[in-house]
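Colleague: Please walk me through this one. I will ask as we go.

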Amino acid sequence: MIYVNANVDTKSFELLDTAALDDMLSDLYPESNLYVTFVARNLEIESAVWQEQEDTFIRVVLPYETTMQANNLSLLCIELLLAVLQRQEVIITVELEAQLEKLIGEHNPREMKTAV
């Protein structure tokens, strides 16, 4: 199960719909608990993936200026989550990456862009 939350500031708070992201992502990884925090702050921190016991935690740092101007912030969040998963050392299933790619395609009918 994927659980979504956010670390935001007063400017980005209204832009990031964690409930919608949770609805889109929650059932994509039933194997174990995956906690995803989307960070939308004007800070110098990096995305990260780590494990604690049987749970996996992912911090996805959104590019602040892009976040503030994004037309489809949920799509950007999913693209960046996929990019973080593809770079990580903690093994997440290839099936989850495929499901995220499919979700991106469904929300973005044009060719999927690579977000980094």
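**Loops, strands and helices**

Colleague: Where is the place of glutamine 53?

Modeller: Glutamine 53 is in the loop between strand 3 (48–52) and strand 4. Strands (E, at least two residues) and helices (H or I, at least four) are DSSP runs, numbered from the N terminus.

Colleague: What am I looking at, and how are things counted?

Modeller: This is a predicted model, in which local features need pLDDT of at least 70 and side-chain atom pairs count only at pLDDT 80 or more, while totals for chains, interfaces and linings use all residues. Residues are numbered from 1 along each chain as its sequence is written, and side-chain values use heavy atoms, with hydrogens and water left out.

Colleague: Back to glutamine 53: buried or exposed?

Modeller: Exposed, with a relative accessible area of 82%. The cut-offs are under 20% relative accessible area for buried, over 50% for exposed, and partly exposed in between (1.4 Å probe, protein chains only).

Colleague: What is the phi of glutamine 53?

Modeller: Positive, about 55°, although glutamine 53 is not a glycine.

Colleague: Another loop, then. Where does serine 47 lie?

Modeller: Serine 47 is in the loop between strand 2 and strand 3. It counts as partly exposed, at 23% relative accessibility.

Colleague: And what is serine 47 in contact with?

Modeller: Leaving aside neighbours within four places in sequence, serine 47 is in contact with Arg59, Val60, Val61, Val84 and Arg87. Contact means heavy atoms within 4.5 Å. As for valine 94, 47 residues apart from serine 47 along the chain, the two C-alpha atoms are separated by 19 Å.

Colleague: Now serine 12: buried or exposed?

Modeller: Serine 12 counts as buried, at 0% relative accessibility. Its loop runs between strand 1 and helix 1. Beyond neighbours within four places in sequence, serine 12 is in contact with Ala40 and Met68.

Colleague: Where is alanine 40 found?

Modeller: In strand 2. Alanine 40 is buried too, because its relative accessible area is 0%. With neighbours within four places in sequence left aside, its contacts are Asn7, Val8, Asp9, Ser12, Leu62, Tyr64 and Thr67. The C-alpha atoms of alanine 40 and leucine 100 are separated by 20 Å, and the two are 60 residues apart along the chain.

Colleague: Next, the core. How many residues has the largest nonpolar core?

Modeller: It has 31 residues, and those with the most contacts inside it are Leu25 and Phe38. A nonpolar core is a set of buried Ala, Val, Leu, Ile, Met, Phe, Trp, Tyr and Cys residues joined through side-chain atoms within 4.5 Å.

Colleague: Which elements each supply at least two residues of this core?

Modeller: Strand 1 (2–8), helix 1 (18–25), strand 2 (34–40), strand 4 (55–61), helix 3 and helix 4. Helix 3 gives the most, with ten residues.

Colleague: What is phenylalanine 38 in contact with?

Modeller: Apart from neighbours within four places in sequence, the contacts of phenylalanine 38 include Val4, Leu16, Leu21, Leu25, Val60, Cys77 and Leu81.

Colleague: You listed Val4. Where is valine 4 found?

Modeller: Valine 4 is in strand 1, and at 14% relative accessibility it counts as buried. Its C-alpha atom is separated by 5.3 Å from that of aspartate 22, 18 residues apart along the chain.

Colleague: Helices now. At what angle do helix 3 and helix 4 pack?

Modeller: Helix 3 (residues 73–87) and helix 4 (residues 94–107) pack at about 155°, with their axes 10 Å apart. Axes are lines fitted to C-alpha atoms, for helices over the stretch in contact, and angles run from 0 to 180 degrees between N-to-C directions. Helix 3 and helix 4 are therefore roughly antiparallel. Angles under 35 degrees count as roughly parallel, over 145 as roughly antiparallel, 65 to 115 as roughly perpendicular and the rest as oblique.

Colleague: Which residues make the contact of helix 3 and helix 4?

Modeller: From helix 3, Leu75, Ile78, Glu79, Leu81, Leu82, Leu85 and Gln86, and from helix 4, Leu96, Glu97, Leu100, Glu101, Leu103, Ile104 and His107. By class, that contact has nine nonpolar, two polar and three charged residues. Ala, Val, Leu, Ile, Met, Phe, Trp, Tyr, Cys and Pro count as nonpolar, Asp, Glu, Lys and Arg as charged, and the others, Gly among them, as polar.

Colleague: And how do the axes of helix 1 and helix 3 cross?

Modeller: At roughly 50°, coming within 10 Å. That makes helix 1 oblique to helix 3. Leu21, Met24 and Leu25 in helix 1 meet Ser74, Cys77, Ile78 and Leu81 in helix 3. That contact has six nonpolar residues, one polar and no charged.
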